[in-house]
Amino acid sequence: MLAEALLLQLGYNATLVTFGATALGVAAGATGAFLFLRKRSLVSDAVSHATLPGLALAFLIMVALGGEGRSLLGLMAGSALSAAAGLWCVSALSRHTRVPEDAAIGAVLSVFFGFGVVLLTVIQSVPLGRQAGLEGFLLGSTAGMLFADAVIIAVGGLAVLAAVLVLRRPLTVVAFDPGFGETQGLRVARIDAALMLLVMAVTVVGLKIVGLILIVAMLIIPAVTARFWTNQASSVVLLAGFFGGLAGYVGAATSAIAPDLPTGPIIVLTSFVLFALSMACAPERGVLAALLRHRRFERLVHLRQGLLAMAQGQHVYEARTRRLLRGQGFMRPDGVPTESGKGEAARVLRDEARWQVVRASAHLSELAVRDDGLTPTEDVLTADQIAEVDRRLGTPEAV
Amino acid sequence: MSPLELVAENGLRAPDLTGDSPLAIRGMTVSYGDQPVVYSVDMTVRQGAMTAIIGPNGAGKSTLLKAALGIVAPLSGQVTVFGQGLDATRNRIAYVPQRASVDWDFPTRVSDVVMMGLYGQLGLLGRVRGLHRDRVQACLARVGMQDFGDRQIGQLSGGQQQRVFLARALAQGADLYLLDEPFAGVDAATERAIINVLHELRDEGKTVVAVHHDLSTVRSYFDDVFLINRRKMGEGPVEQAFTVPALQATYGGRLAEGQVAQLALDAG
Amino acid sequence: MGAEFVALSLPPILIGTLAALACALPGNFLVLRRQSLVGDAISHVVLPGIVVAFLVTGQVSAWPMMLGAAAAAVVSVALIEGIRRLGRVDAGAAMGVTFTAMFAFGVLLLEQSDTSGVHLDVEHALYGNLESLIWLDAVGWSSLLDPAALSGLPHELERMAIVFVLTLAFVVVLWRPLVLSTFDEGYARSLGLPVATLGLGLVIVAAITAVAAFDAVGSIIVIAMFICPPAAARLMTNQLVHQVLWSLVFAAISAVLGYVLAGYGPLWIGLPNTVSAAGMIATVSGLILAICAVAGPQRRA
């Protein structure tokens, strides 16, 4: 059954929704990558929570105008308007008052959401209200979706994706280097506004599938995941789009076969699994790799410090250093240097001395910036330069 | 010259005797990530002297100070203050952080900030009495800020903010003063006011260590210098250690020719 | 009127007010430390905590659920810190990853388990059920002096009162270290203050408050009260002590006015039913913030 779902053999509606969720996932991942690079991920949380009063008001207005109130397009329009209002409040508070941006985000998301809840209870008391099913927008629900709604989601997902593709160049420039963007004639404020529009579009299209509480995950998690694999802005965007699309696809397809597996949480948890795997295992920025690297680095520092102390006949105080020196066979258990320890200590000391000469030398001092206390001179200097340094040091037989 | 002699002569490793030096650092290595910022540094500060820590940007000056105070955790190394461990001597140290390290929009007044210097004495719930307020006022007066006690800190100029930080350190009544770039971005009047207070402290027998970036004032302001560029590049009384070759070794190609010439002239 | 008010409205008003005060107090420091969204994150992760507690104990009762929520809060804080430090991800994104994933886990768990016989759903965790916290034993104002009737007060009142006193004690006793480490972390460390422990303590106090409050008043109020009253208070004054006092005033006004507007407001404009008190309390706190942002004497830096 799962294989079936993943291969999209599940009826027209489910296929359309899965298609839409995948497109939306790609768009959300890429949009989120730009947000993440601008360190503004959580703005999207305010945007998504701020949609609730708009949803409720749109429903009330549509009912008041004699409609049924459930038109997805109408609800999406309402949610977009109130998301824009929420966004305006965040920027007004953080720009024109002392309130810092994170507090503005939290204030807007809780107040708009609270007001939305008030409106939901109002809706409960009007005719037709009980069938509104607006609660479905909190956590998303794709079960029993109308064909027209499925089309809207598929088209919406594609449209947002197309918009991201069109805007990717200026967004990348601004995300990485706003100053450079200005010199290239880009209006940073305008591009930021475009980014926020994209965030709103993702939110509004995603409301029905993922729900307004969890939609931020589609914007945040894929970007963070992608960052573990690459240092390059354009690759972060591509990878985030890939991870987002994958999560959207798996989530929508899975929940199509089992109605009690809600789409939103599955999408989010799929994203999270991808994130956790990446954080643990990514080759350079992953935790395992970093831990190994750091341990190796600490060892190098302690060994070198210990050998230097030994070379000068000083006592080695730190227990860890002594342990490492003994482990390498450089020091006997009673703290006396071994023959190999003496040899290594002399080598390290000579290296230190060479660096001294390099720093003091007029034409080599440029190279001294590469001295981080661990790099041997052999890695930086040519054989000729080393010979020259050693000549100045004199008496190589002293080693 | 053998490598050992050369290393020893450049003061790479000082003798193990630190005595009761107000601040002695041994084998200090600090890294951010896997990049050593301070590498294997030894430092012995002279009692009753004013010491400048100098070196190019990113040379680890502030980091050395922070590691000495336990504000950042060193990878290895030991610190003694007046011959004892840091925990036993915290109340004898006053630290003046970089002005830019705090949020000046914080809702507090100038006198409240200086009162923070007395928190050590006041404890958690000790009552603020007249004598404490008098002391705050006296410390403010010492840096020429006696009329600003009720001001919101955000309303101060950069120089005034720096003076408030110094007043807070004075309130602690410490024996060792560690200042991180006290003259960065301050007006000339503030610079004079601060240096006067620091000289008074020294004349009272206190020890002052400051991260400093203006080479042209080292000679007139300080007694000792400590040169650092990730490693220790030299240490000692200004007239011995603040030399053109030492500076060239410390700053590498980053010291402009004109600067070198001027310093050589000053040394003349 | 009196009897009805004391029985039906007084307990929820008191509980709502205590919850608002208990949240606003640590909220002042969270806002100043740029950690406003910690409250947001904690409130979201309460859901998986209570669902797991329900699955373990098989019943909906206060203490196991609060323990479950507290455990979830601790897990989330550990996750956020772990992701931030080990993964070198900025704090906002680390929070976003953690609370959405945990909330999604809670929803999935809830959907997959049989909760048909019990009152446990997402809406409850979000909105609480302030209106249902009534005092059946009350016959009028005189019941406030009647020990037998007093013992019938909703347990939430007692719980919120204890939590409020705890937060108050935390803030009062540790005022100086909290202020110092919030304003100037480097200086605080140089004095040997355990800055990291203090920060963790603050988050734990916020978590305890959030957990105690969500059951009675729901997560919306918790998030709103952590942030809105302190942020509004900051725009009123330049002194921290005054800011904290203002924030308590604003929190109390939000709770009382919000409850009254939700309970009686709709009747005044001719609507048949009351509206959500939790939502209205959050709305009022937002209006107060809006007013301060427009007219607060210290609104601009």
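Biologist: Leaving aside neighbours within four places in sequence, which residues is C:I221 in contact with?
Modeller: This is a predicted model, where local features need pLDDT of at least 70, side-chain atom pairs count only at pLDDT 80 or more, and totals for chains, interfaces and linings use all residues. Residues are numbered from 1 along each chain as its sequence is written, chains are lettered from A and ligands numbered from 1 in the order in which they are written. Contact means C-beta atoms, placed from the backbone, within 7 Å. On that basis the partners of C:I221 are C:A19, C:A20, C:G128, C:A213, C:A278, C:I281 and C:A282.

Biologist: Which helix gives the most to the side of chain A that touches chain C?
Modeller: The contact takes 49 residues from chain A and 54 residues from chain C. On the chain A side, α6 (101-124), α7 (136-139), α11 (215-227) and α13 (263-281) each supply at least two residues. The leading one, with 16 residues, is α6(A).

Biologist: What is the order of the open sheet of 3 strands in chain B?
Modeller: Strands pair if DSSP finds at least two bridges between them. β1 (residues 23-32) and β2 of chain B pair in the antiparallel sense over 7 bridges, with B:V30 opposite B:V38 in β2(B). The edge strands are β2 (35-45) and β4 (76-80) of chain B. The order is β2-β1-β4.

Biologist: At what angle does helix α2 of chain B run to β1(B)?
Modeller: Axes are lines fitted to C-alpha atoms, for helices over the stretch in contact, and angles run from 0 to 180 degrees between N-to-C directions. Helix α2 (residues 61-68) lies across β1, β2 and β4 of chain B. Its angle to β1(B) is about 115°.

Biologist: What distance separates the centres of the two domains of chain A?
Modeller: An automatic or database assignment sets the bounds. Chain A has domain 1 (2-278) and domain 2 (288-398). Taken over C-alpha atoms, their centres are separated by 55 Å.

Methods
Contact = placed C-beta atoms within 7 Å. Helix = DSSP H or I, 4+ residues; strand = E, 2+ residues; numbered from the N terminus.
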